[in-house]
Every structure is written in C-alpha cells, then in structure tokens.
Number of protein chains: 2
Amino acid sequence: MRDMARGWRVDGSSIGLVPTMGALHAGHMSLVDAARRENDRVVVSVFVNPIQFGPGEDLARYPRSPERDLSLLRAAGVDAMYKPSVADMYPPSASTRVIVHDVADALEGAARPGHFEGVATVVTKLFAATCADRAYFGQKDAQQVAVIRRLASDLDLAVEIRVCPTVREDDGLALSSRNAYLSQPERQAAVCLSRALGRAFEAYGRGERNPDRLRAILREVIEAEPLAELDYAELVDPLTFSTPGSLAVLAVRVGKTRLIDNHDLRLPYPG
Amino acid sequence: MRDMARGWRVDGSSIGLVPTMGALHAGHMSLVDAARRENDRVVVSVFVNPIQFGPGEDLARYPRSPERDLSLLRAAGVDAMYKPSVADMYPPSASTRVIVHDVADALEGAARPGHFEGVATVVTKLFAATCADRAYFGQKDAQQVAVIRRLASDLDLAVEIRVCPTVREDDGLALSSRNAYLSQPERQAAVCLSRALGRAFEAYGRGERNPDRLRAILREVIEAEPLAELDYAELVDPLTFSTPGSLAVLAVRVGKTRLIDNHDLRLPYPG
C-alpha cells in the first residue's frame with residue numbers, strides 16, 4: 001500500500017482515503033464520491049479493527065460483505081482497496097497506542113472504554129500507510145470525527161479531515177452497518193433517534209436554548225418508544241464534546257443493538 | 001517546515017531528520033554527518049520537549065546554547081533547523097499522546113514516569129512535520145532507541161530509524177548535554193559508568209554469561225566510586241528491553257546529575 005501511495009505522491013497525485021470497516025452502504029459511498037471529486041487517487045480501507053471493540057461487544061458478528069464491498073468499490077472507480085489482515089496490523093510485538101484525552105473521555109468514550117484508543121491508533125496507521133492528503137468520515141460518528149480532528153492536529157499529520165453529512169433512510173434512520181442487526185419491529189422503533197433529533201431541532205428553531213429542556217425533549221421521544229432504551233442524550237460542543245453545546249447526540253439501545261445519531265441544532269434538519 | 005519538506009519530496013529528494021534538544025555536542029554532530037551521507041536533505045530539530053521531563057526534573061535548567069547550535073549546524077551544511085515553540089507544539093487544546101507499552105515500562109520508563117510518552121509523542125510529531133525518510137538517534141539513549149523503533153513499526157510510519165554509536169570522551173565518558181552539570185571532581189567520578197561497562201565486557205569476553213554475575217560486576221565498579229550512586233544496572237534485550245539480554249545498561253547519579261550509558265556485550269568495546 002505504501003509503495004503504491006508513494007508512487008502516486010512522486011507523480012504529484014493527491015490521495016483521498018476513506019477508512020471503513022466494510023459492510024458498505026450508501027453512507028460510505030457518499031464519502032467515496034466526495035473523495036473522488038477532491039483527489040486524484042482514492043483509497044478505501046476495509047478493516048474491522050479488533051482493538052476498537054470492547055470485550056462484550058459485537059466484533060465476532062460485525063456484518064461483513066467482502067464480495068459486495070469489492071464490487072461496489074470497483075463500480076465507484078476507486079484506485080485501491082486497502083484490506084490488511086489483523087496479523088499485519090497488530091503483530092504480537094506491537095505495543096503502541098495513540099490516546100486522545102478530553103474529547104474522547106465522555107459519552108462514547110465512557111460507554112465503550114478503549115474504543116477511541118483503538119480508533120485513534122488504527123486511523124494514525126491508515127493515514128501513514130496510505131500517505132493520505134485528505135481523509136473522509138461521516139458526521140454520523142460525531143465524536144469519532146472530533147477525536148480524529150484532534151489527533152491529526154495534535155500529531156502534526158499532514159492530512160485534511162473532511163466530514164460528510166449523515167445519509168438517512170427515507171424515514172430518517174441514519175445509515176449504519178449495525179442496522180442489519182434490527183428485526184422488523186426494531187427497525188420501525190429505531191426511527192425514534194432521528195425523530196428525537198427533529199423535535200429538538202424544532203424546539204431550537206422556536207428559540208429554546210436551555211440544555212436541560214432540550215435534553216428532556218430528546219429523552220421523552222426515546223422513552224415513548226417501548227423497544228428503545230436510552231443510553232445517553234446530551235448537548236455538546238461539536239469540536240470539544242464539552243457540555244453544553246449545539247450538537248445533540250444520542251445513543252440508544254433498540255433491542256440488543258446500540259445505535260447512535262446526532263445533529264447540530266444550528267443547522268437545517270433534513271425531513 | 002512541512003511546506004519545505006513537501007517541496008523536497010516533490011523534487012524527489014530524500015530527507016534525513018536528526019531530532020535534538022539543542023546543546024549540541026560531537027555526539028549530535030556524528031548523527032548530522034550520518035544523515036548528510038545518506039540523504040539529499042538534512043533537517044535538525046532543536047526542541048527542549050517539556051512533556052518528557054517529570055515534575056522534579058531539570059527542564060528549567062537544561063543546557064541551552066542557541067547561537068552555538070546554529071553556527072555548528074550552519075558549518076555542517078544542514079538544510080534546515082526546525083525549532084518550534086512550545087506553544088506551537090502543545091497549544092492548550094492539544095490532548096493526544098503516543099504511548100509505547102512493554103519496551104518503555106522498565107528502567108528509564110520506571111525511573112521517569114511519563115518520559116517515554118513525551119518522547120514518543122514529540123518524535124511522532126517531528127516525523128510528520130519533516131516528512132523524514134530516515135531519522136538518526138544515538139545509541140547512548142538505548143531504551144529511547146528501542147521505544148522509537150517500536151512506535152515507527154507499530155504506527156506504520158515510513159521512516160527508517162538509524163542508530164549511531166555513542167561518542168565518548170578520551171577517558172570513556174559518553175557525551176551528553178548533561179555532562180555540563182558536573183563539577184570537576186564529579187566529572188572525574190563519572191568515568192565509572194564506562195569503566196563498569198568495560199569490566200562487564202571483559203568478563204563477557206572471558207565467557208561469563210550469568211546475568212547476576214555480570215550485574216554484580218557493574219554494581220561493584222559503581223559502588224567503588226564515592227561520588228556515584230547507582231540507580232540501576234541491568235542486562236536486557238536490546239530490542240525489547242526484557243531481561244536477561246546482552247545489553248548492559250546503567251543509570252547512575254553523580255552528585256545531583258543523573259547519567260546513563262550502555263553497551264551490547266557482544267560487540268567490541270572501545271578502549
């Protein structure tokens with residue numbers, strides 16, 4: 001991968017990287033489209049990163065669709081799919097971790113200990129291996145975006161972090177590979193996340209700025225859905241993830257599936 | 001710095017980096033010479049990295065000789081001196097750290113909590129900012145070398161770590177910016193480190209392989225010197241720093257000055 005990327009660099013080509021864990025959906029492909037528009041070469045990495053999963057999490061059953069991923073990326077005209085093995089990424093002797101404090105501590109960081117350390121480490125490795133000029137992430141994983149912006153800046157990495165809007169189903173559900181876990185009733189219940197964000201957006205539009213009341217609105221919508229259980233609902237600063245702020249963030253269990261979603265209440269809400 | 005380095009890359013020039021904390025001596029200049037021989041461009045960074053110093057350590061009084069450093073580097077024909085400010089390297093919002101486990105845990109890592117985290121973080125930043133193809137370090141800081149080799153490999157950084165032999169005074173004392181702290185009697189006492197390594201090397205040459213006995217030899221020489229106090233004497237693997245191994249490592253306080261030295265007993269010992 002690095003030899004190929006360095007060859008492109010010598011040719012003066014710019015390189016866009018789309019890091020994924022595979023199980024590609026239209027959200028990922030919108031990142032690929034953006035990378036295609038803004039770079040001479042596009043690399044999509046496909047790596048289900050074991051160190052960002054906790055002991056009780058869904059590493060073993062995380063959705064995988066290698067043939068479909070490959071044909072989607074071929075059709076999209078990407079220049080390379082980078083698909084390292086776990087043994088190549090983490091040989092037994094490997095002992096280095098990248099840790100982002102503060103922005104990674106709360107919410108997803110608190111709910112999933114070690115998660116952002118795993119994300120920060122793998123992303124640093126992927127940036128280095130692909131010599132990326134720009135890297136593309138979805139707004140759906142808002143805290144991940146904030147963590148990666150922080151580490152790219154803090155480590156002086158010469159990669160521009162580009163963030164693309166969350167892609168949603170017609171009813172508002174944010175696309176996620178984990179949506180594949182949902183039964184039919186759960187799938188219908190899962191719309192409560194985007195509905196809650198929409199309600200908070202409406203209240204914000206009417207002038208509501210009290211974070212407690214905005215949080216209560218989010219909470220009420222989730223609690224009205226019998227199949228859903230709220231993990232957290234918070235209003236945070238979109239860059240630092242400190243409270244309060246204009247970014248409404250939600251984590252909700254629908255059945256056994258943990259879903260996240262978010263919206264910056266200052267921005268138009270789709271639907 | 002990065003714009004300059006990227007321009008060199010586009011021209012097809014290779015880049016050698018010599019990271020230093022200034023107070024340059026002949027040991028540093030031997031690294032610069034090696035970098036000059038092996039690269040089209042040479043960058044020397046001069047940065048007294050605050051985060052690698054512990055609370056009770058010598059950050060404030062660490063030797064500084066900016067004019068002399070600059071004229072030495074000018075005379076050596078380096079292409080750039082990279083001298084960032086502390087505020088540029090660590091703005092208040094910065095919260096990312098690179099942590100190397102295992103190899104960084106014992107000896108210097110145990111004696112100086114946070115030291116290698118500071119080293120690993122700044123070195124990762126310097127590698128990124130200078131687009132280095134090769135980076136040059138002195139064998140004198142053997143555990144630092146092992147930590148940096150580990151992180152460069154673990155993070156897939158495209159930088160080759162080059163290690164140059166320790167440069168010594170005529171009486172054997174390893175060059176170090178901290179030697180400037182020594183009074184005249186302490187300077188004479190400080191030769192006990194290289195003398196101890198020499199004795200262990202002689203014993204190894206006579207066939208001694210028992211780590212306890214080799215350690216005892218190191219210890220005896222240091223304890224025979226009234227102005228010296230042993231911090232540690234150990235035999236470790238030069239790559240992993242696990243025990244036992246062929247690398248004899250020493251940390252000794254001479255007066256208030258903490259000095260380190262090492263020698264791989266399998267290799268010829270100078271003097």
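Visitor: How many other C-beta atoms lie within 10 Å of A:Val167?

Guide: A residue is called buried if 20 or more other C-beta atoms, placed from the backbone, lie within 10 Å of its own, exposed if 12 or fewer do, and partly exposed in between. A:Val167 has 19 such atoms, so the residue counts as partly exposed. Please note that this is a predicted model, in which local features need pLDDT of at least 70, side-chain atom pairs count only at pLDDT 80 or more, and totals for chains, interfaces and linings use all residues. Residues are numbered from 1 along each chain as its sequence is written, and chains are lettered from A and ligands numbered from 1 in the order in which they are written.

Visitor: Where is A:Val167 found in chain A, and which residues does A:Val167 touch?

Guide: Helices (DSSP runs of H or I, at least four residues) and strands (runs of E, at least two) are numbered from the N terminus. A:Val167 is in the loop that links β6 to α8 (184-189) of chain A. Two residues are in contact if their C-beta atoms, placed from the backbone, lie within 7 Å. Leaving aside residues up to four places away in sequence, A:Val167 touches A:Ala26, A:Gly27, A:Ser30 and A:Leu175. A:Lys140, 27 residues from A:Val167 in sequence, lies 8.1 Å from A:Val167 in space, C-alpha to C-alpha.

Visitor: What describes the overall form of chain A?

Guide: The radius of gyration is taken over C-alpha atoms, and the globule rule is 2.2 Å times the number of residues to the power 0.38. For 271 residues a compact globule would have a value near 18 Å, and the 19 Å of chain A agrees with this. The C-alpha trace of chain A spans about 55 × 40 × 35 Å along its principal axes. Chain A holds 10 helices and 9 strands, and 42% of its 271 residues count as buried. Of the contacts in chain A between residues at least 6 apart in sequence, 68% join residues at least 24 apart.

Visitor: Which residues touch the most other members of the largest nonpolar core?

Guide: In soluble globular proteins, nonpolar side chains tend to be buried together. A nonpolar core is a set of buried Ala, Val, Leu, Ile, Met, Phe, Trp, Tyr and Cys residues joined through C-beta atoms within 7 Å. The largest core here has 152 residues, and those touching the most other members are A:Val147, A:Ala248, A:Leu250, B:Val147, B:Ala248 and B:Leu250. Among the residues that A:Leu250 touches, beyond four places away in sequence, are A:Leu193, A:Leu218, A:Ala233 and A:Ile260.

Visitor: Which domains are assigned to chain A, and how many residues of domain 1 of chain A are in contact with domain 2 of chain A?

Guide: Domain bounds come from an automatic or database domain assignment. In chain A, the assignment gives domain 1 (2-164) and domain 2 (177-264). Their centres, taken over C-alpha atoms, are separated by 25 Å. The contact brings together 12 residues of domain 1 of chain A and 14 residues of domain 2 of chain A. On the domain 1 side, α7(A) supplies the largest share, 3 residues.

Visitor: How many residues of chain B are in contact with chain A?

Guide: There are 25 residues of chain B in contact with 25 residues of chain A. β4(B) gives the most to the chain B side, with 5 residues.
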